[in-house]
Amino acid sequence: MYKDFIGNITSEVMDFINEKQIKDSFEIANLIRSIFDDISNKLTKNNEDLILAENIVVEVINKDSGNLYRRYLEIKYLENNNGLILEGEDLSGKDSKIVFMSESAILKIKDLQGMGLNKPRCK
C-alpha cells in the first residue's frame with residue numbers, strides 16, 4: 001500500500017539531489033536527516049513525560065565517508081526528566097544497562113548525599 005508512495009517520495013528526493021547537483025555525502029546525509037526530522041516533528045507531541053520503547057533506531061553519519069546509516073537495534077529505551085536508560089544484553093547474554101543522567105538528576109543525587117549547595121532550604 002505504501003510502497004508506491006514511498007517510492008515516489010524517494011524519487012523526488014533523488015531528483016532534487018541531482019537537480020541541485022549535490023555531490024557531497026555529508027550534505028546529502030544532512031538533507032535526508034532534515035527531511036526525517038521535519039516529518040517526525042510534525043507528527044510528534046514533545047510534551048510526554050515518559051518515553052518507552054522495546055527497540056531503537058540508531059542513525060549515524062560516517063565521519064570519513066559522510067554516508068548516513070540507520071540500524072534497528074533490540075535495545076530497550078526509557079527516557080524521562082531524569083535522563084535516559086538503554087537496556088540490552090552483553091555478549092554473554094547478561095542484562096546490561098547504560099544510564100545517562102540529566103544535570104538536574106545529578107544535582108538531586110548530590111544533594112541527597114550531602115554534596116549539594118551549602119544553603120539552607122528554609123529561611
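The model is predicted, so local features need pLDDT of at least 70 and side-chain atom pairs count only at pLDDT 80 or more, while totals for chains, interfaces and linings use all residues. Residues are numbered from 1 along each chain as its sequence is written, and side-chain values use heavy atoms, with hydrogens and water left out.

**Helix α1.** Select Phe5, which lies in helix α1, residues 3-19 (helices are DSSP runs of H or I with at least four residues, strands runs of E with at least two, numbered from the N terminus). Phe5 counts as exposed because its relative accessibility is 52% (exposed means over 50% relative accessible area, buried under 20%, partly exposed in between, with a 1.4 Å probe and protein chains only).

Next, select Gln21, in the loop between α1 and α2 (25-43). Its phi is positive, near 55°, although Gln21 is not glycine. Most residues other than glycine have a negative phi. Gln21 counts as exposed because its relative accessibility is 61%.

Move to strands β2 (residues 56-61) and β3 (residues 68-73), which pair antiparallel over six bridges (pairing requires at least two DSSP bridges between two strands). Ile61 stands opposite Leu68 in β3. Six residues lie between these strands, and Gly66 in this hairpin has a positive phi near 80°.

**Hairpin of β5 and β6.** Finally, select β5 (residues 83-89) and β6 (residues 95-101), antiparallel strands joined by seven bridges. Glu87 faces Lys97 in β6 as its opposite residue. Here five residues lie between the strands, and Gly93 takes a positive phi near 85°.
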